[in-house]
Amino acid sequence: MPLRHPLLAGRATALPALFGLALLLTACGGGSDGAAVPPVATQPPPTGADPDGPPPQPEVPTAPLVACSALAGTVIAPARIGLPTQGATITTATAVGAGDAGNTLGDYCRVRGTIQPIDAQAPVIQFAVNLPQQWNRKLIHFGGGGFNGRLIDGTEPIRFGPIDKPAPLALGYVTFGDDGGHQSGSITDAQFAANDEALANYGGQALKKTHDVALQLVQAHYGRAPAHAYFLGTSTGGRDALAHIQRWPADYDGVIANEPALNYAGTRLSNLAVGRALYANGGAGWLNVAKTLLVQRTVLAACDKLDGAADGIVSNVESCRQLNTQILDSLRCSGGTDSGDGCLSDPQLASIRAIESPLEFTRYALANGTTRAGGYNILEGALVAGPFTTRDLGTRRTPGNPATSADANMYVTGDQWAKFFVTRNATFDSLTLDPLDPGAFTARVVEASAITDATDPDLRPFLARGGRLILLHGLGDEVISPNSTIDYYRRVVATVGQAAVDQGVRFYTVPGMGHGTGVFIPNWDSLAALENWVEGGLAPATGVAVDAVPATYGRTRPLCQFPAWPKYKGSGSLDAAVNYSCVTETVDPLACPNLPAVATVYKGGDFLGEELRLSLDPATLHYTLTLDASLQRPAGTQRTGTLLPLGACSYGSAENGATFVLGAGGVVQGGIATPSGNSFVPLIAFQNSFENSAAPATFNPVANIFNSAGVQYGAGGTASGYAGSTRVRNAGTFQSCQDPVTGGFMTYDADCTSTTKGYLVYNAGRNAFDMMSTSPTGSATTTGGTPSGSVIFGKVGATTVPLFLVRESGTRFGLRLQAVQQGVVAGAADGRYLMAGSDGTAHEATLAGSSLNLGGATGTLVADSPVLGVLQGSGTRAGHFIHSAGVLGFVAQGGSGAAFELGVRN
């Protein structure tokens, strides 16, 4: 049954009615001896509840027994507070009406007060308690943020909660909070920590003191104890939640700790490590916004699709982590020397590594034996620049002393911590403090860690009494490392056992979520989940989170329990949680099942009509591109380089930004540097191709009627799209047709008027067919004619994919992809493609049923339009697609962008 004690000794002018109604906790120490006051007991959570049963029924609302105004001026004696103080004073108690202007929280009593310190030089603790007129017999303690200093008044809504859910106070909860034991205009101001008592209050003691005062006010106002008590906190408030259940495990039935700053000293030491990397040697390692955005774009390009969905969210974080080396290598400036915003110098790469890497403490340990501070996932999707975060790396190479908002956000808080938590020297140069070896300050670092950190993994006292904990952390957090929370969770499992954790802890990690920022900000009803668990025995499972980011508002994802992450199932809307599964798999993103086992030569051509070979050594990824025929440069011209694995069978190259894709069935898409300038020409090549050296030649295996799509260059190198139909006959003759009205696709007709004709002759030396053009008006012939290019009959698996490389003259050349002119098979073209365009650009395309996304431009697809085998795409990038064996060609229909794009499914 509930413990009881007398209330509020020491009020100068006692209120008889108040004391007459107060049946409170029995005095049990407190005051100057620091003995803890036993908490007001709450009802234990039920056991053995039916998980499919109804949710717990709400309490009948409790009305106040004492008028709100009667609480004003109340003095609470030191003995009634479980930690040393000089007592507490209620400074104001104001009745707020439901109809008052601007009030959406219903009728309640707004109480404000102070808790006086032992040290006369220490600041007071300001607190707020809100007592609703219709109380549901539950209370919520809200945690703080940053270095605190601002009063948490308890009127806030649930953090990351449903947008339409009223604040807890409006729902009948008693709510309360404090300012962390000091007052400041900024949550990044740590000057208070120069005072021992103020620091102890910030480290957690203010929470206990405020809790004890709030409980006594509840008992005084309503004449009864709460049925259930909860703690909700985010960031520093998340640390507050964990600190409270670690130190005073009987005070709360359930807590929610969002993105908790639990490894507090480790976080600040990590901040200093980042600052030292950025600002050493005159700021050689500092990155401006352009370079930071370059890093972020490179990571997204490499890792976005590792979860199966190109949605701007890196969900498969651990697979992405395996690409760290390749990503950093691809970002390095030539020679490691800074040469502009398009690359990173060696010191700048070292800064990225400092942000990414954990700190491993080998010379000393922080509180609770902690020897590691997690790094930030900057190479797995965390953002420190751009529109999806409010934090960055600052605007200058040399930081201020003290650091300001012009400096890296991470360093600002580390600088304040070093100055006031550790050295107590406001002019200290924080860059001289080595996080791994603090030297003379080591003992003080450890002492500060013991005051502020919430890293005790032994939650058995809290869990044993039925306590429930929900942890949530964004994997893209740029302020508090999610990896420190992961480390802590694993230590809890190791300490209390997996069974106890399964019964009392839920840990959710959210891809794309930063520190209240990011490309995915989850909205879900964590309070309802906690209440159903505590009060009804209904343990939370996989939830559904609604994205609160304005640009993508309303899309949903499953809220996966660590270590699971949401993987796209491969079909359906990318914006619906139902199309994702929570999985724990971690694949090797560098593995490519399409990489040949031995050194291989691929045969193909590029958009300029150049015929070429690609030689690839799978052991070293060294490649050689050799031109076999070209109008632009001599035959035999070679380019060499080494492919850089980017994941999903994609590879960076030395070809002016061209990405190579190894497709299934032995097809390669890539690019070759242009004859001049700094762009690339898209190419496609095949591991196997049709050969015909027999006499007489026979083309029966490849003869067919095809749709043709490609690019044609005219005078001045102007590119235009090409569309039509082509027939290859058994004798090796061919005929191409274009619609006489539209100049585009048409059903093949031997009597077409807009036509070219010719025949093919196998060239064994080049493993290609020379293309000879004959009169468009005569009969088919296999003699005479004019050389006009070459043809490669690529084999993708068992499917023939002809490639016509046109080299008629310096003002008429290009490439034409062929696909059989027959009805579209539903779903055959579905998938994701890396498209390369005739304008030197590259982007992804996704086809799914009748839906289309071409480089972010959405539209719809209509099959067999205008002829069999062609997909007509609508939208801002309208045009026509042909597809064959995972190779996709797109001819644009007017508008901006590339005239022709080609891609391989990956």
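This report walks through disulfides in a predicted model.

**Overview**

The structure holds six disulfides. If you number the bonded cysteines of the protein chain in sequence order, the pairing reads 1-2, 3-4, 5-6, 7-8, 9-10, 11-12. As a quick reminder, a disulfide is a covalent bond between the sulfur atoms of two cysteines.

| Disulfide | S to S distance |
|---|---|
| C303 to C320 | 2.0 Å |
| C560 to C582 | 2.0 Å |
| C592 to C649 | 2.1 Å |

**C303 and C320**

Let us begin with the disulfide that joins C303 to C320. This pair links distant parts of the chain: C303 belongs to helix α5, residues 289–303, while C320 belongs to helix α6, residues 317–321. The two cysteines are 17 residues apart. For your torsion bookkeeping, the angle about the S-S bond is 80°, and the link of C303 and C320 is right-handed. Are these cysteines buried or exposed? C303 has a relative accessible area of 0%, so C303 is buried. C320 counts as buried too, because its relative accessibility is 0%.

**C560 and C582**

Next comes the disulfide between C560 and C582. C560 sits in the loop between β15 (556–559) and β16 (565–568), and C582 sits in strand β17 (residues 580–583), so this pair ties together parts that are 22 residues apart in sequence. Which hand does the link of C560 and C582 have? With -80° about the S-S bond, the link is left-handed. C560 counts as buried at 0% relative accessibility, whereas C582, with a relative accessible area of 31%, is partly exposed. The 31% of C582 falls between the cut-offs of 20% and 50%, which means that C582 is classed as partly exposed.

**C592 and C649**

C592 is found in the loop between β17 and β18 (600–606), and C649 in the loop between β22 (644–647) and β23 (650–652). The pair therefore ties together parts that are 57 residues apart in sequence. Why is the disulfide of C592 and C649 right-handed? The torsion about its S-S bond is about 110°, so the disulfide is right-handed. On accessibility, C592 counts as buried at 12%, and C649 counts as buried at 8%. Both assignments follow because buried means under 20% relative accessible area.

Notes:
Residues are numbered from 1 along each chain as its sequence is written. This is a predicted model: local features need pLDDT of at least 70, side-chain atom pairs count only at pLDDT 80 or more; totals for chains, interfaces and linings use all residues. Side-chain values use heavy atoms; hydrogens and water are left out. A disulfide is a pair of cysteine sulfur atoms within 2.5 Å. Helices (H or I, at least four residues) and strands (E, at least two) are DSSP runs, numbered from the N terminus. Buried means under 20% relative accessible area, exposed over 50%, partly exposed in between (1.4 Å probe, protein chains only).
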